[in-house]
Amino acid sequence: MNRRRFLGLAAGAVALTPALAWPRRLMAAAGARTGMVYDPRFLDHWIQPGHPESPDRLRAIHAAFSAADIFEQTAAVPISADPDAWIRTIHSAAHIKAIQTRHPRAHAVTRWVVAGALEAVDQVCRGTLRNAFCASRPPGHHATNTGREEGFCFYNTIAIAARYAQQACGLERLLIVDWDYHHGNGTEAAFYTDPSVLFFSTHDRYAYPGTGDPARTGTGAGAGFNINVHLPCGTTDAMIIDAFRQQLLPAVEAFRPDLILVSAGFDSRKDDLLGCYEMTDAGFVALTRMLMQLADRHCHGRLVSILEGGYALRGLASAAVAHVQTLLES
């Protein structure tokens, strides 16, 4: 990546500063905690019996969090925001209508998922929370505007949260990091021409949805702000950590984000039903610490993580515990 071009484009990004925006460099309040978005309504969606993206995913996470006293250590994030206007910042009216018609239960549940993410972003931007994890489902990073479910996704929660951070919170530059085994094609599509959002994704480009070619780096004003890193089957902790160090760190130093959003897909962990990587919980700890250090360096610790994939229940729960326990170190 051309560092000079990156700096120039980032400096020229258009700032979104609505009347009720908070100062872009507002620091986290002293003693600010890690927030937790969890709601039993996230269990009310299923695709079909036996499907890997099932409510059992959250049940496993909830049990593991309870055993590790994570709910006692985190601040519960209440969900009250009306997300509809914000969903429309990413999704077309035709897509929303089609999802409402074809998947009414998924539409209702995913509205709550989006609302929870917006509340987390809101509190992190205010400084009430330092960082937050959204233990929510269904995932969202594959959702575009086809009017269909894509890779178990209906609405792209992290993309919507990014627009909210810009337009409601007055932040300018957003970093989205996606370490899911599968490429976040919907997130890429949402920001492919946008220099205000740096999208960094590690994934197996030959897995579903068959996207994520490293040659795709953005276009127009967004050229250079889309970073795809293909990692093959058998990828280890050391391999993905090296990709972050070699490709993410220099880009972030040039970009200087105001908030970091994480598509936390734990199907990149070893033994996942839908992945073939060999990552361990220690790998997720290392990646989380790296992103927290970047957040401390550039955006006063502001980081919001949103659950994406992860389909082997025991591994999913273990990785999620490791991730949140690391967030609690701040």
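Helix α11 is mostly covered, with 11 of its 15 residues buried (under 20% relative accessible area, against over 50% for exposed and in between for partly exposed, using a 1.4 Å probe and protein chains only). Welcome to a predicted model, where local features need pLDDT of at least 70, side-chain atom pairs count only at pLDDT 80 or more, and totals for chains, interfaces and linings use all residues. Residues are numbered from 1 along each chain as its sequence is written, and side-chain values use heavy atoms, leaving out hydrogens and water.

**Covered helices**

- Helices here are DSSP runs of H or I with at least four residues, strands are runs of E with at least two, and both are numbered from the N terminus.
- Helix α11 covers residues 313-327 and reaches 21 Å from its first C-alpha to its last, close to the 21 Å expected at 1.5 Å a residue (1.5 Å times one less than the number of residues).
- Among the buried residues of α11 are L316, V321, H323 and L327.
- Helix α7 (residues 157-167) is largely enclosed by the rest of the structure, because 10 of its 11 residues are buried.
- The buried residues of α7 include I158, R163 and Y164.

**Two helices side by side**

- Helix α9 (residues 237-255) and helix α10 (residues 281-299) pack at an angle of about 10°, with their axes 10 Å apart.
- Axes are lines fitted to C-alpha atoms, for helices over the stretch in contact, and angles run from 0 to 180 degrees between N-to-C directions.
- α9 and α10 are therefore roughly parallel (under 35 degrees; over 145 is roughly antiparallel, 65 to 115 roughly perpendicular and the rest oblique).
- Residues of α9 including I240, F244 and L248 take part in the contact (heavy atoms within 4.5 Å), as do residues of α10 including L287, M290 and L294.
- C299 also lies in helix α10, and at 0% relative accessibility C299 counts as buried.

**Aromatic pairs**

- Rings of Phe, Tyr and Trp (its six-membered ring) pair if their centres lie within 6.5 Å; planes under 30 degrees apart are stacked, over 60 edge-to-face and the rest tilted.
- The count by this rule comes to 11 aromatic pairs.
- W179 and F266 form a tilted pair, 6.3 Å centre to centre with 50° between the planes.
- The rings of F200 and F244 have centres 5.1 Å apart and planes at 80°, so this pair is edge-to-face.
- F200 sits in strand β5 (residues 197-203) and F244 in helix α9, 44 residues apart, and both are buried.
- Ring pairs also link Y38, F65, F71 and F133 into a cluster.
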